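This report describes one protein chain for a reader who is new to structural analysis. Please look at the sequence and the structure before reading on.

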Amino acid sequence: MLAIGFEEPGGPEVLRPVEVPEPHAGAGEVRIRVAAAAVNPSDTVTRSGMAHDRYREVTPPYVPGWDAAGIVDEADPETGWRSGDRVVAITLPVLAGGGAYAEKIVVPAGQVARLPEGSDFVSAATLPMNGLTAWFALDALDPRAGRTIAVTGAAGAVGGYVIQLAKTRGYTVIADAKPADEQLVRDFGADIVLPRGEDLASRIRAHAPDGVDALIDTALQGDAVLAAVRDGGAFVILRPAALGGGATPERGISVHLVMVADHLDEPHALSELSRLAAEGALTLRVARTFPADRAAQAHELLEAGGVRGRIVLEF
């Protein structure tokens, strides 16, 4: 079976087509014939070796990829999934039998949801990893603690989902954007859009003098924007300090690390995201597509920066 993987971590050039054993669904599992797999920043972290200690004991080739869309072609009948079902799914790359950069993947049934009605495989593949990151980032906040949040990296894939989900939950949202992205971020539903860059914290404070109740830092700005949060507020980070995230707690601010891998046993979230996407409350954004065997070029493009939406590999 074809997959896209690497033997040793390195630059994008280490990605190549590899042959791996065809997996089969066991108890409680679903096998999906992958049509599309999104390319996430976390995939470049995996490929580069920044997180190599996590999979050092895994026998290569290492197959990246968190999220996929495709068709069920084998399933434990007890799961309720049937051959021919059109689905999205989230995987655990490398560690759980390989990631989504493969012709077929096997995942627990709870990591699968219906393809959003009205979407195709390519656009739906952009939903699981980024949508779930946004979902659990908002879940980390105490809704009793306040209703004004700030979002960095608002034009990015995760940032856009954070804004749209925050509006479904009744938050007032302050977001950042460069001039070319300002209208895009407003269209997501941000109430106030501020210029990105240095002194963002002070610009946020100009609109929320006491500080926002929480800040979700999708742009990994860390301590540079911590001052925007009120005393006793919340700051959500999406990577540990060792991988470029982090913030130094102060003034009673609670710092929450949100990683999707910690929430794979919560199946309701992906189903809700699929429903919201079908209703138009979430925007599925595809930046560009590549054939799967050109994954190296997809990684090069992502690492060059400035991508809006997600790059998707097609199988």
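Strand S4 (residues 67–75) and strand S3 run antiparallel, joined by seven bridges; two strands pair if DSSP finds at least two bridges between them. Within this pair, Ile32 stands opposite Val72 in S4. The model is predicted, so local features need pLDDT of at least 70 and side-chain atom pairs count only at pLDDT 80 or more, whereas totals for chains, interfaces and linings use all residues. Residues are numbered from 1 along each chain as its sequence is written, and side-chain values use heavy atoms, with hydrogens and water left out.

| Partner strand | Bridges to S3 | Direction |
|---|---|---|
| S4 (residues 67–75) | seven bridges | antiparallel |
| S6 (residues 104–108) | five bridges | antiparallel |
| S15 (residues 310–314) | four bridges | antiparallel |

Glu29 has Pro108 as its bridge partner in S6, and Val39 has Ile311 in S15. Strand S3 (residues 29–39) is largely enclosed by the rest of the structure, because eight of its eleven residues are buried. Buried means under 20% relative accessible area, exposed over 50%, and partly exposed in between (1.4 Å probe, protein chains only).

The protein chain as a whole holds eight helices and 15 strands. These are DSSP runs numbered from the N terminus: helices (H or I) have at least four residues and strands (E) at least two. Of the 315 residues in the protein chain, 54% are buried. The C-alpha atoms fill a box of roughly 60 × 40 × 35 Å, taken along the principal axes.
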